Amino acid sequence: MSSSDSDSSSSYGGDYKNFWQITRERLLHEMLRSAKAGNSKSNWKVLIMDKFTVKIMSSSCKRSDIAQEGVSLEEDINRRRQPLPSMNAIYFIQPTKENVIMFLSDMSGKSPLYRKAFVFFSSPISRELVSHIKKDSSVLTRIGALSEMNLEYFAIDSQGFITGNERALEELFVDEEDTCKGHACLNVMASRIATVFASLREFPFVRYRAAKSLDVTTMTTFRDLIPTKLAARVWDCLIQYKQKTEHFPQTETCELLILDRSIDQIAPIIHEWTYDAMCHDHLNMEGNKYVHEVLSKAGGPPEKKDVLLEGHDPVWLELRHAHIADASERLHKKMTNFVSKNKAAKIQHGSRDGGELSTRDLQQMVQALPQYSEQIDKLSLHVEIADKINRIIRELGLRELGQLEQDLVFGDAGMTDVIKFLTTKEDATRENNEVGKITTG
């Protein structure tokens, strides 16, 4: 769903805020900033998360953002932790039995780990677990908040999110005989998708692609019904939000369209050539992390540096959906324009030509250097990445492969052309060759 679908219906006001901003503000303001105790001696807090909620937080917030909200320490709920009885703790956790037991263990007895606990669950908690918490009277007096954040997705950019169901393809489509895993997977997907609309304060019309059998004698399978079943479960979750969540719309405000990949016949045989897709296909990235080498300031060998290609990088946001050829051309133009217009670059260039630097020149150069250094680093990084991708394209002969894929899609090539390509390009790897995957099964 695009967050631009949300307008005045959003409880976050009439001003447009992109999807990433809304998620970030909920985590920082609605959760971290609201966790305050009036008589607390210190403003510093401990943030405790599980493996899943750590990913949610890191997808939207920098460590510096979290620290600015008074968090001095981030902890894993499943690890043994040092008691900090003078500090308050914020728990951002999934509402599982294991997490609730760990929380109760932290805060019960005569010597709790923290002064007060502010507990935020990533999705709705069951009545049984709430009752379990209420049974311990010593813990109840130490709870500053017990709330459902209903935020169980990863914001990947201004208009996109993922639910992180990494095994969904296997669990939904592999074993037709045993659908237990498939039903469990659908439940998790529905719950997480519904939290997106809880965060946006939107109540969608839920539309889906219904299964249609070509022959009345053909039995409809679980796989055929996946969009239908997912739509029904998302709707059930949304109805719960409508009934229980404050300020949730009571009438539909947008549309949710649920489809499966069977509607797209082109995707299996053609590669994406966008800057984003080429980076993830050819740079051995871990998620959005790219490792590159930078010159050592001490004059030693190059040092490895991790950078994140994500929403915090304006160059990445501008070029990620551009074709790699267009992205490369625009990057080189950006670099040329930046060097020609920046004060520090001009003065440095002038000094290399043998000109004397005045005191005013030096002052301007010093003032411009921090911004110059940051911007030139970002541009240099992306120029390096684009050049590396273009080198890989040339070395692997991917232009010819891309042309063949395109010709197949438009009907300008057939099996004869595919066989000819595979016999003349024996070094083409399966990772880079969708055509070879199809012809070999």
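The largest nonpolar core holds 50 residues, of which Leu27, Met31, Leu47, Met57, Phe92 and Leu238 touch the most other members. Helix H8 (residues 180-200) gives the most to this core, contributing 10 residues. A nonpolar core is here a set of buried Ala, Val, Leu, Ile, Met, Phe, Trp, Tyr and Cys residues joined through side-chain atoms within 4.5 Å. Buried denotes under 20% relative accessible area, exposed over 50%, and partly exposed in between (1.4 Å probe, protein chains only). Helices (H or I, at least four residues) and strands (E, at least two) are DSSP runs, numbered from the N terminus.

The model is predicted: local features need pLDDT of at least 70, side-chain atom pairs count only at pLDDT 80 or more, and totals for chains, interfaces and linings use all residues. Residues are numbered from 1 along each chain as its sequence is written, and side-chain values use heavy atoms, with hydrogens and water left out.

Leu47 was examined for contacts (heavy atoms within 4.5 Å). Neighbours within four places in sequence aside, Leu47 contacts Leu32, Met57, Ile66, Val71, Leu73, Glu74, Glu75, Ile90 and Phe92. A second, separate core has 32 residues, among them Val315, Ala327, Met335 and Leu404. In soluble globular proteins, nonpolar side chains tend to be buried together.

Two asparagines have positive phi values. Asn150 has phi near 50°, a positive value in a non-glycine residue. Asn150 sits in the loop between strand E5 (143-148) and strand E6 (154-157). Asn150 counts as buried because its relative accessibility is 6%. Asn284 also is not a glycine, and its phi is positive at about 50°. The loop between helix H10 (275-282) and strand E10 (289-294) contains Asn284. Asn284 is exposed, with a relative accessible area of 75%.
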